[in-house]
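Open the model in your viewer and keep the selection panel at hand. We will go from one stop to the next.

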Amino acid sequence: MKKAFITGITGQDGSYLAEFLLNKGYQVYGLTRRTSTQNFARISHLIHNPKLELISGDLIDQNSLTFALKETQPDEIYNLAAQSFVQASWEQPVLTGEFTALGVIRVLEAMRLACPQAKFYQASSSEMFGKVRETPQNENTPFYPRSPYGVAKVYGHWITVNYRESYDLFAVSGLLFNHESPRRGLEFVTRKIANAVARIKLGKQQYVELGNLESKRDWGYAKDYVKAMWLMLQQDQPEDFVIATGETHSVKEFLSIACEIADLGDWQKVFKHNPKFDRPAEVDVLIGDASKAKKKLNWQPSVSFKELVALMVNAEIAEEKQRKE
Ligand code: NDP
Ligand code: GDR
């Protein structure tokens with residue numbers, strides 16, 4: 001039985017990845033940090049599974065990571081934990097650096113000491129391409145991050161490459177473009193729109209306040225993307241991969257289709273601009289070229305943009321119908 005260790009198991013991707021690995025028969029260990037109120041909502045359906053064990057630790061605490069890996073001796077390590085909200089990275093730049101950048105080297109150091117034979121996955125991001133140097137972006141496109149988050153992810157990416165080359169570790173970096181789902185945090189634009197549209201439809205809210213509607217993203221479905229992470233660790237050679245749909249759509253398009261799906265009519269009737277959600281420096285347009293993943297991992301996305309919007313809006317309508325105000 002293979003053993004996997006996931007940091008960030010309580011997050012969107014961690015919860016889908018845990019499900020995916022448990023279905024494959026893995027023993028899964030998940031790192032969780034101590035909070036005064038438990039935040040296991042995304043994994044509540046999994047926590048009684050005997051093949052899942054939660055281990056207490058934090059990316060900022062080196063000993064907790066080394067201890068967790070010494071105890072569990074995993075075959076595969078997925079480093080998904082991070083301060084992952086771009087906007088918050090301007091408000092908490094130092095914390096973002098601690099978690100999202102230095103957190104990576106702490107996990108790598110723990111692995112080097114406790115289980116150097118394991119395979120390591122780093123959750124890198126299309127935000128590293130930022131002010132893009134070429135279109136579409138592939139594994140060789142130079143980075144130009146536009147936020148403290150993007151800068152921190154560049155560190156995480158290069159330290160993963162460096163540990164692979166310095167210590168001959170099986171360490172890979174997945175350059176994943178935006179991926180969404182009903183489990184996305186409410187602060188991210190897709191879930192925020194899907195939720196607001198559902199609430200407007202049900203008469204609980206009148207409009208949605210957003211920032212820049214012109215920015216464009218390559219949006220895929222999170223469940224497809226966690227499979228790509230696993231595939232990267234099943235290869236014989238450690239290599240980095242871009243994972244993306246190859247399509248780009250604006251925030252405005254997302255909003256407009258969401259309104260259509262919820263039968264709200266013209267999106268302009270429910271939209272208000274709030275400069276609070278504009279960013280000090282924006283990433284205008286991202287579009288990924290995942291042809292290497294298609295060729296070597298036999299990976300491709302299974303959900304189209306329109307299906308993704310529908311899936312998210314319908315999930316929010318069902319959820320909001322149940323929720324008591
Ligand atoms: P989420 O924000 O949903 O989850 C982040 C996870 O990290 C949570 O489990 C959180 O725990 C945990 N975490 C945060 N700080 C610490 C810490 N100091 N110690 C231990 N755990 C911590 O992110 P996603 O699931 O969306 O993304 C997963 C990873 O992939 C992240 O690294 C993100 O930056 C990266 N990424 C995401 C993309 C996307 O589109 N979703 C695209 C490209 C990269 P808690 O629940 O306690 O807060
Ligand atoms: P992103 O996702 O920054 O791409 O990072 P987010 O959904 O936060 O923003 C996408 C785009 O929408 C614009 N926008 C708004 N964004 C938010 N959150 N709230 C708003 O009200 C709003 N209005 C407009 C933003 O300006 C931006 O252009 C996500 C995260 O998951 C990262 O961790 C990950 O690395 C990248 O995707 C790939």
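## Stop 1: the two domains

This is a predicted model, and the centres of domain 1 and domain 2, taken over C-alpha atoms, are 27 Å apart. Colour the domains separately. For domain 1, select 3–179 and 219–243. For domain 2, select 185–217, 248–284 and 302–322.

## Stop 2: where the domains meet

Now show the residues at the boundary. On the domain 1 side, 14 residues are in contact with 23 residues of domain 2. About 1,700 Å² is buried between the two domains. Carbon and sulfur atoms give 61% of that area. Which residues of domain 1 lose the most area to domain 2? Select Phe85, Gln87 and Trp219. Together they account for 43% of what the domain 1 side buries.

Next, turn to the charged and polar pairs. There is one salt bridge between domain 1 and domain 2. Select Arg217 and Glu127 and show their side chains: they form a salt bridge, with the closest N and O atoms 3.8 Å apart. Four residue pairs are in polar contact across the interface of domain 1 and domain 2, both residues of each pair being at pLDDT 80 or more. By class, the domain 1 side that touches domain 2 holds five nonpolar, five polar and four charged residues.

## Stop 3: ligand 1

- Gly8: a polar backbone atom is 3.3 Å from an oxygen atom of ligand 1.
- Asp58: an N or O atom of the side chain is 2.8 Å from a nitrogen atom of ligand 1.
- Ser84: a polar side-chain atom lies 2.6 Å from an oxygen atom of ligand 1.

How much of the accessible area of ligand 1 does the protein cover? On its own ligand 1 has 910 Å², and the protein covers 90% of that.

## Stop 4: ligand 2

Keep Ser84 on screen and select ligand 2. Here 23 residues lie around the ligand. Those that come nearest are Ser84, Ser125, Tyr149, Arg279 and Glu282.

One of its polar backbone atoms is 2.6 Å from an oxygen atom of ligand 2. An N or O atom in the side chain of Arg279 is 2.6 Å from an oxygen atom of ligand 2. For Arg217, the corresponding distance to an oxygen atom of ligand 2 is 2.9 Å. Taken alone, ligand 2 exposes 700 Å², and the protein buries 96% of that.

Terms used
Residues numbered from 1 in each chain as written. Chains lettered and ligands numbered in written order. Predicted model: local features only at pLDDT ≥ 70, side-chain atom pairs only at ≥ 80, totals over all residues. Heavy atoms only, no water. Domains from an automatic or database assignment. Contact = heavy atoms within 4.5 Å. Buried area = accessible area lost by both parts, 1.4 Å probe. Salt bridge = Lys/Arg side-chain N within 4 Å of Asp/Glu carboxyl O. Polar contact = N/O pair within 3.5 Å; in protein donor to acceptor, adjacent residues only side chain to side chain. Nonpolar A, V, L, I, M, F, W, Y, C, P; charged D, E, K, R; others polar. Near = heavy atom within 4 Å. Areas by Shrake-Rupley, 256 points an atom, 1.4 Å probe, with all protein chains shown as cover.
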